Amino acid sequence: MTSEPLIHTRQLTKRYGKTLALDNFDLDLAPGQIVGLLGENGCGKTTLLKTLAGMDQDFTGTAQIAGHDIGPETKALVSFLPDTSFLADSAKVTECIHYFDDFFADFDADKARDTIAFFGLDASSRLNEMSKGMREKVQVALTMARRARVFLLDEPISGVDPAARQVILDGVLRNLEPESLLMISTHLIHDLEPVLDSVVMMRHGKLLQQGYVDDLRAEHSKSIDQIFQEMYR
Ligand SMILES: Nc1ncnc2c1ncn2[C@@H]1O[C@H](COP(=O)(O)OP(=O)(O)OP(=O)(O)O)[C@@H](O)[C@H]1O
């Protein structure tokens, strides 16, 4: 790594009862890259993202963002898109923008409105009048409109059609500052591969493989999608 890690974990361990969701998970991620978080169902991707986002502080080991232990300081640096809807169904898009503006000091309402327009959405619509893909776009627009140093997106393109996936990815990328760190969990590696700088592959709560996509592709003479299929077969 050429610069100090923005995300740093050591022996990060999270249990849900008898289930070990994160098992002594060690990770260092430098800023200025787009990272794909990959792994089969239940390997701990959501748990890792929630932990780094400060949504669940019931863990052992070390987890730091920009040198700070996970807590209020790191929450201010991290913009998190969960895999479930976090907005009130009856709200209008304009109300969601106001809500974010009140709640997050680093929120740029103009940027959010601009991305909503880029997605071709009507800001006066209510969420319960929108399709799943349209609601996902609203959530992406809000999440990416923060001037955060770390963006953690949990499955932002699952459950939408291939054309919408590309539009959502474009909406994510057009808002990203070069020095930010973006980590995206996905099963849709083929769609994401062209934009990734590096990947983190997980298995059973552990780090299975981490590397820059160019290095991995050169080493294996295969696409990341093919490497993933073989690794998890
Ligand atoms: N709230 C919870 N209570 C109990 N067990 C949980 C809870 N959340 C996650 N788990 C368990 O922790 C493990 C990791 O789950 P997690 O959701 O992090 O996996 P994932 O890689 O995101 O899966 P997927 O790809 O299916 O979204 C799984 O065994 C899951 O059943």
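Helices (H or I, at least four residues) and strands (E, at least two) are DSSP runs, numbered from the N terminus. The structure is a predicted model, in which local features need pLDDT of at least 70, side-chain atom pairs count only at pLDDT 80 or more, and totals for chains, interfaces and linings use all residues. Residues are numbered from 1 along each chain as its sequence is written.

**Ligand shell**
- Strand S2 (19–29) and helix H1 (45–52) each contribute at least two residues to the shell around the ligand.
- H1 gives the most, with three residues.
- Around the ligand lie Tyr 16, Thr 19, Ala 21, Gly 39, Asn 41, Gly 42, Cys 43, Gly 44, Lys 45, Thr 46 and Thr 47.
- This shell comprises three nonpolar, seven polar and one charged residues (Ala, Val, Leu, Ile, Met, Phe, Trp, Tyr, Cys and Pro count as nonpolar, Asp, Glu, Lys and Arg as charged, and the others, Gly among them, as polar).

**Packing of H3 and H4**
- The axes of helix H3 (residues 93–103) and helix H4 (residues 109–118) come within 10 Å and cross at roughly 150° (axes are lines fitted to C-alpha atoms, for helices over the stretch in contact, and angles run from 0 to 180 degrees between N-to-C directions).
- H3 is therefore roughly antiparallel to H4, a term for angles over 145 degrees.
- Val 93, Ile 97, Phe 100 and Asp 101 of H3 make the contact with Ala 109, Ala 112, Arg 113 and Ile 116 of H4 (C-beta atoms, placed from the backbone, within 7 Å).
- By class, this contact has six nonpolar, no polar and two charged residues.

**Annotated span**
- An unreviewed UniProt entry carries the annotation "domain: ABC transporter" for residues 7–229; such annotations may be inferred rather than shown by experiment.
- The end C-alpha atoms of residues 7–229 lie 27 Å apart, and the span is 34% helix and 28% strand.

Notes. Near = placed C-beta within 6 Å. Parallel < 35°, antiparallel > 145°, perpendicular 65-115°, else oblique. Contact = placed C-beta atoms within 7 Å.
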